[in-house]
Amino acid sequence: MGRGLFDGKIAIVGVGETRVGALPDTSSLQLHAEATTAALADAGLGLADVDGVLTAGSRLDGFLMHSAAYAEYLGIVPRYGATLSLGGAVHCAAIHHAATAIMTGLANVVLVASGDNLLSGMSRTKAVEHLSQAGAGHPEFENPYGPPIPALYALIASRYMHLYGAQPEHLAAVAVTMREHAARNPNAQYRKPLTVNDVLASKIVSTPLHVLDCSPISDGGGALIVTSAKRAADLPRHPVFLLGAGESHTGEHVSAMPDFTSSAAQSSGAQAFGSAGLGRDSVDVAMLYDSFTIAVLLQLEDLGFCGKGEAGPFVAAGGLRLNGDLPTNTHGGCLSHGHPGKPGGIFHLIEAVHQLRGEAGQRQVPNAKIVLVHGSGGALATHCTLLLGA
Amino acid sequence: MTESNYTKPLPTPTSDSLPFWEGCRRGQLVLQRCSRCGRFRFYPRATCPYCHDDKADWRPLSGKGVVYATTVVHRAPSSAFAPDVPYVVAIIELEEGARMMSNVLGCPPESVVTGMPVEVFFDSVAPEVTLPKFRPIANQS
């Protein structure tokens with residue numbers, strides 16, 4: 001490869017995932033462990049090889065030092081570890097952190113793991129309440145007015161539609177495409193095809209967002225193993241290389257967002273493409289963080305794939321489909337593959353690896369060589385963009 | 001209107017925000033105006049998020065603004081808000097430039113639109129807490 005900071009030096013060598021959906025009788029750490037075991041087997045490595053651990057915490061387990069508690073559970077003593085907290089940007093950021101640890105010699109083999117039983121671990125009502133209290137909004141300046149998490153995205157969608165004339169059908173088209181992809185994925189939680197009318201007929205959660213504009217609540221876990229390209233050369237699988245990365249975080253709270261219809265994905269994306277020395281048209285497949293349909297439209301524009309206000313028609317015309325201009329979230333995304341809360345975005349990374357290895361089965365995009373993965377947290381407040389290559 | 005059984009989240013004033021909440025209790029919207037760059041900021045904090053200076057003074061605002069973004073909540077975040085459904089959560093852009101989240105009341109929720117002029121009123125929800133909320137400005141054509 002030979003471009004930019006990472007210069008082909010960092011590789012993802014193993015991935016593992018659990019089923020996603022309703023998985024009663026599991027615990028958050030069990031889901032972490034199941035995915036970790038699978039990822040290590042995939043990598044041809046053992047726990048004894050792992051010297052760095054990055055996790056994203058849990059909505060259910062209240063450990064003070066989650067990544068250390070997980071290392072304790074596994075029975076390893078890492079020399080590099082952290083529990084990262086960036087909402088949906090966390091898994092891309094974890095790869096970014098792992099890469100810098102390996103580049104600087106702080107660790108050789110970094111385990112990135114995340115899992116939660118958000119669906120089965122508490123009742124749906126309690127999960128919604130918990131998610132709201134856990135920080136749907138600013139406790140002093142937002143929560144007193146009663147915004148559920150979907151309202152934070154709904155505010156963004158509302159202004160976006162007002163400024164650019166986007167229609168509910170444009171948002172619905174994102175959900176329909178995600179479901180189309182999930183139908184080809186035996187691991188996805190929701191696989192029954194959807195139409196635009198189905199989405200628009202689903203109950204309104206917070207205008208303009210319907211239930212089917214919002215990702216579900218799920219159980220599930222995933223893990224990735226990151227190491228140096230040098231080490232990867234000795235391992236059984238074809239490595240997936242980190243080509244470029246960028247991060248940009250405007251904050252946490254929607255009421256402090258500088259511009260509701262242009263996010264810091266503009267900056268994180270520009271950094272990633274710049275550091276990789278690549279242009280937008282080099283991207284074969286995109287994994288965009290789809291906690292809500294509106295998030296995908298804004299990411300398409302802010303990452304430079306569509307002009308401002310143009311993402312809706314692009315998606316409605318089939319742009320994100322497997323045979324479209326930018327196949328996106330080929331696993332079904334958070335919207336249809338599932339959303340266990342904190343682990344949500346890890347499946348986008350894992351699917352990127354499947355695509356680049358040519359093992360995405362019925363979802364495979366032919367000749368996928370470069371995949372963009374973007375994670376975003378809060379309501380489009382935190383952002384990390386990665387470019388991965390075969 | 002004071003409810004005896006108020007179970008919604010209440011703001012806990014901090015040393016940053018006490019003058020703001022005291023202003024609300026008096027029926028006055030006050031915010032910090034940066035001494036260096038002159039911008040009003042919300043939420044209250046020790047330093048200016050625009051020019052990073054640490055000197056500011058509290059000034060009264062007109063209480064007028066426009067709706068910057070709006071949504072009608074149909075699924076409440078908790079049982080405390082369920083009786084209010086459907087209700088408006090909006091981002092208000094105040095005349096002086098700062099933006100804040102609040103509710104818009106006094107009109108059908110679906111009638112609240114981006115760009116709508118609004119003015120503040122004060123809702124004493126608990127003995128020690130008054131929340132600033134907004135309503136359409138009367139007699140707009």
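Visitor: Which residues touch the most other members of the largest nonpolar core?
Guide: Please note that this is a predicted model. In its largest nonpolar core, which has 112 residues, Val254(A), Ile294(A), Leu300(A) and Leu387(A) touch the most other members.

Visitor: And which helix gives the most to this core?
Guide: That is helix α5 of chain A, residues 149-164, with nine residues in the core.

Visitor: What is Val254(A) in contact with, leaving aside its neighbours within four places in sequence?
Guide: Within chain A, the partners of Val254(A) are Glu142(A), Leu152(A), Leu155(A), Ile156(A), Phe260(A) and Ala379(A). From chain B, Ile91(B) and Met101(B) are in contact with Val254(A) as well.

Visitor: How many residues are in the second core?
Guide: The second core is separate and has 44 residues, including Ile95(A), Ala98(A), Ala101(A) and Val373(A). As a general background, nonpolar side chains tend to be buried together in soluble globular proteins.

Visitor: Let us change topic. How many residues does each chain bring to the contact between chain A and chain B?
Guide: Chain A brings 31 residues and chain B brings 37 residues. Together the two chains bury about 2,800 Å², with 61% of that on carbon and sulfur atoms.

Visitor: Which three residues supply more of the area that chain A buries than any other three?
Guide: They are Glu140(A), Phe141(A) and Tyr145(A), which supply 28% of the area that chain A buries against chain B.

Visitor: Where is His170(A) found, and is it buried or exposed?
Guide: His170(A) is in helix α6 of chain A, residues 168-182. His170(A) counts as buried because its relative accessibility is 15%, and the cut-off for buried is under 20%. Not counting residues up to four places away in sequence, His170(A) touches Leu297(A), Gly312(A), Pro313(A), Val315(A) and Ala316(A).

Visitor: Back to salt bridges: how many are there over all chains?
Guide: A search of the whole structure finds 18. One of them joins the side chains of Arg357(A) and Asp42(A), at 2.8 Å from N to O. Arg357(A) lies in helix α13 (residues 346-357) and Asp42(A) in helix α1 (residues 28-43), 315 residues apart. Both residues are buried.

Visitor: Which residues are in the network that shared partners make?
Guide: Salt bridges that share partners join Asp42(A), Arg237(A), Arg357(A) and Glu359(A) into one network.

Visitor: What about the pair of Arg36(B) and Asp53(B)?
Guide: Their side chains meet in a salt bridge at 3.3 Å, N to O. Arg36(B) is exposed, with a relative accessible area of 54%, whereas Asp53(B) counts as buried at 15% relative accessibility.

Key
Residues are numbered from 1 along each chain as its sequence is written. Chains are lettered from A and ligands numbered from 1 in the order in which they are written. This is a predicted model: local features need pLDDT of at least 70, side-chain atom pairs count only at pLDDT 80 or more; totals for chains, interfaces and linings use all residues. Side-chain values use heavy atoms; hydrogens and water are left out. A nonpolar core is a set of buried Ala, Val, Leu, Ile, Met, Phe, Trp, Tyr and Cys residues joined through side-chain atoms within 4.5 Å. Buried means under 20% relative accessible area, exposed over 50%, partly exposed in between (1.4 Å probe, protein chains only). Helices (H or I, at least four residues) and strands (E, at least two) are DSSP runs, numbered from the N terminus. Contact means heavy atoms within 4.5 Å. Buried area is the accessible area (1.4 Å probe) that two parts lose on being put together, summed over both. A salt bridge is a side-chain nitrogen of Lys or Arg within 4 Å of a carboxyl oxygen of Asp or Glu.
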